[in-house]
Amino acid sequence: MSLWPLGLMVLLFILLFARLRWPLGLALATAALAGGLLQGVPLTAVEQGGLPIPGSSIWRHLVEGGFVYIDPILIMVTAFFFMKVIEENGLLSALTWWILKGLGSRPALLATVLGLFVAFPGMLTGLSTASVLTTGAIAAPPLLRMGLDRRRAGAFVAMASILGVVAPPVNLPAMIICASVDMPYLGFMLPLLLLSLPLLVVCSLWLAWRPLQSGDPAAALEAVERGPLDRHGPRLLLPLLLIAVLMGGPRLFPAWWASPGMPVVLLAGSLLGLVTGDRVRVGAAAWAALRQALPVMGILVGVGCFIQILTLTGQRGELVLTVLQLPAWAAWLGIAVSLPAFGAVSALGSASVLGVPFLLALLGRPEIWVCAGLSLLAALGDLMPPASLACNFSAQVTGEPDYFRVLRRCLGPALLCALWALAVMAASPWLVQLLQGR
Amino acid sequence: MKILLAIPPRGRAWLLLIGVALLAAGAGRDFLAQRQAEVLRPSTGLSELRRLSEWHAPLAGSRGDTELYRFRGAEPGGRVLVLGGTHPNEPAGFLAAVLLVENLQVSRGEVWVLPRANASAFTATDPQEGTPQRLVLPTADGRPRWFRVGGRATNPLDQWPDPEITVHRPSLQALSGIETRNLNRSYPGRADGSFTEQVAFAIRSLLEREHFDLVVDFHEAAIEYPVVNAIVAHERAGELAAMAVLGLEMNGVDIALEPSPLNLHGLSHRELGDHVPGLRAVLYESANPGQGRLRGRTDAAQILAGRDPCYLAAQSIPGMNKVPVDSTGLPLWLRVGRHLDALRETLLALELVDPDHPVSAAGLPSLEDLRARGLSPWLSPTP
């Protein structure tokens, strides 16, 4: 076996997307179809021992794979609707005014606080999308008003969201790795704090401090409409409060408060937002949200088809094996590159497909620390194109038409994150002794 | 391509829509076929056919309800429940239970078999896993029969959406969201809980109300998984499992004994052992090349023959394969045979550790029988 079929699939995808200008999702699905057929997946159902085998054709696999992201798609659509609602009801401009008034003259503090603020929903849900499309959408306007260009503001939101996924208490990539090796998700607080908090501060300052220093807080404040605050007072904040309660409640009181799920949380916040501020044109907001979400939905469906065919044809296993077979000197590099790279199809998928064998390959080191480090590398996968959920959505909240420009701004901080993850994993035996006395 | 571009954009959009509709219709037919259950043909030793919903009425009429086969011996003795199909993507766990249903003769005590413990999970395969929907096996008279391969978790049509975080009750342990539909993370279950928790609750109620002495849960795991080719035992079943392992080792079956982790909740051996008074809970794991992250092409042949070029290549990575892999593979008959031999040794051990509740069963093929003749002679022919 070899990886040439995967190479051909990628080449075909690039040809369709870059040369023929096909929509990204359609190009991925077509590359998956062609790759599957090329590797002998039948076009029609086959028979075995004279019995027809339903679901053996490539079509079932394409549809099944395409459905994998149905939950993220729902989160995305409801989050876009929430963004439109708070934009129209005045909450967004009120929050921008507040942030600029309170912290506009203290750039370092503004960058750090906004970084933590953006990361917060990710800490509670383990999803970068939840951060980008809620607190990210709120943080973007003050950053832009203070003089950050759209790319830099997008990168700020994307990196803070990813580090929110890594930060405790909820780190989904780590939980997925744990579940796959029957390791309890316990004792992660310290390693995850060490992996996320310093990076969150450094990346926030790296991307925002200097431009914020040269910004003019008074002029920025002047340009923001304060009106909604005067008209509606604190009740304008109620949707945000409701979302914070619905997201935080199940984490604080898990014994008797079940999570209603992110789409319901966002929808509840949106519905409340319809009556707490300026008038919102509901139909127009819903339509705009759907239109905004549609291209990303297409990408996610295409990515789902692609990975299903990779698994079916054995290319996924071949890829994992290739990285695991690297010589010892290249193994760390292989881990640092392949985990984020596999995020091109899915960051959580990367944790499951690559994170687990890597953890097993690194047995002998403190497994909680190694798992935490791997979770940071996997979370970086949300930056990787073509899905690139973090950059894609950050570009949308900052108004940047080309998400690749946001991605380029993220490269430096992402490299720093990868190095930090490797350093923590490599030093984990020593860190355990130093910090935990074991 | 030129022809396509010559069509106006609205026409292309319609073409795309029609294509998607056809795709949905074709795939929909495949997904519906997955709901059709394979027919099991119980042995003459069957005493009673019951349903799981008798122990939790709300399951009646749902896809969580499933057949429960009761084999009662002439002499009184202990009571054993065997769970197959907790994870329908682990075919040896299901097929071993099928062989029990179709061949078992109990002379002393009782054996109850629940071959599709998570019946809902048989009705859908997991996205992005590429799992085949069915396996075809020849039967005693050479004619074929089919058996489903399902997903690891409950069909999302029965329980959806998944939360971002699953909170296990009553321990409050946090797990990733998808585990909310994993039966083997949902024990001890709740009467008013999620669909999967209700299935777990029904199984727990069955064990409690019918005063079972032992529960055995058949599973499979990836070759790189640390707990594989093993018996996992709750501490109350430690002595029993140790004796079973000894018996297996003496017969040349290489198997490990793993204690049930105290702080990993939701698993059958941990929670049923903790919550059902007097119950001994064990779980068997065999190594399935069709399940792990390193596997090559995923199809029925790989599952049946258990041969995989990627795992063969992974043998050169120190410590990666937890079970040695060679070109002969780990065929389905071998994995089923391991489960059946382990069950036989566990029942023998039960007689020693709990002489008041012995269970004697016959009619099952041994690993050596399966090695010599394969699975076919023990699968009842299609009528």
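The contact between the two chains takes 56 residues from chain A and 51 residues from chain B, two residues being in contact if their C-beta atoms, placed from the backbone, lie within 7 Å. On the side of chain A that touches chain B, the elements giving two or more residues are helix H3 (58-66), helix H10 (172-180), helix H16 (282-313), helix H17 (315-324) and helix H19 (347-361). Helices (H or I, at least four residues) and strands (E, at least two) are DSSP runs, numbered from the N terminus. By class, this side of chain A comprises 32 nonpolar, 19 polar and five charged residues; Ala, Val, Leu, Ile, Met, Phe, Trp, Tyr, Cys and Pro count as nonpolar, Asp, Glu, Lys and Arg as charged, and the others, Gly among them, as polar.

The model is predicted: local features need pLDDT of at least 70 and side-chain atom pairs count only at pLDDT 80 or more, whereas totals for chains, interfaces and linings use all residues. Residues are numbered from 1 along each chain as its sequence is written, and chains are lettered from A and ligands numbered from 1 in the order in which they are written.

Chain A contains 23 helices and two strands. Its C-alpha atoms fill a box of roughly 75 × 55 × 50 Å along the principal axes. The radius of gyration of chain A is 22 Å, in agreement with the value near 22 Å for a compact globule of 438 residues; this radius is taken over C-alpha atoms, and the globule rule is 2.2 Å times the number of residues to the power 0.38. Of the 438 residues in chain A, 59% are buried. A residue is buried if 20 or more other C-beta atoms lie within 10 Å of its own, exposed if 12 or fewer, and partly exposed in between, with C-beta atoms placed from the backbone. Among contacts in chain A between residues at least 6 apart in sequence, 79% join residues at least 24 apart.

Within chain A, the axes of helix H6 (residues 107-125) and helix H9 (residues 150-166) come within 7 Å and cross at roughly 45 degrees. H6(A) is therefore oblique to H9(A), since angles under 35 degrees count as roughly parallel, over 145 as roughly antiparallel, 65 to 115 as roughly perpendicular and the rest as oblique. Axes are lines fitted to C-alpha atoms, for helices over the stretch in contact, and angles run from 0 to 180 degrees between N-to-C directions. The contact involves Gly115(A), Val118(A), Ala119(A), Phe120(A), Pro121(A), Gly122(A) and Met123(A) of H6(A), together with Val157(A), Ala160(A), Ser161(A), Leu163(A), Gly164(A) and Val165(A) of H9(A).

A cis peptide bond, with omega about 10 degrees, joins Pro168(A) and Pro169(A). Pro169(A) is placed in the loop between H9 and H10 of chain A. In chain B, the peptide bond from Arg169(B) to Pro170(B) is also cis, with omega near 5 degrees, and Pro170(B) lies in the loop between strand E7 (165-167) and strand E8 (174-176).

Positive phi values occur in chain B at Gln128(B), about 70 degrees, and at His211(B), near 55 degrees, neither residue being a glycine. Gln128(B), in the loop between strand E4 (105-114) and strand E5 (134-138), is buried, with 28 other C-beta atoms within 10 Å. His211(B), in the loop between helix H4 (195-209) and strand E9 (214-221), is partly exposed, with 13 C-beta neighbours inside 10 Å.
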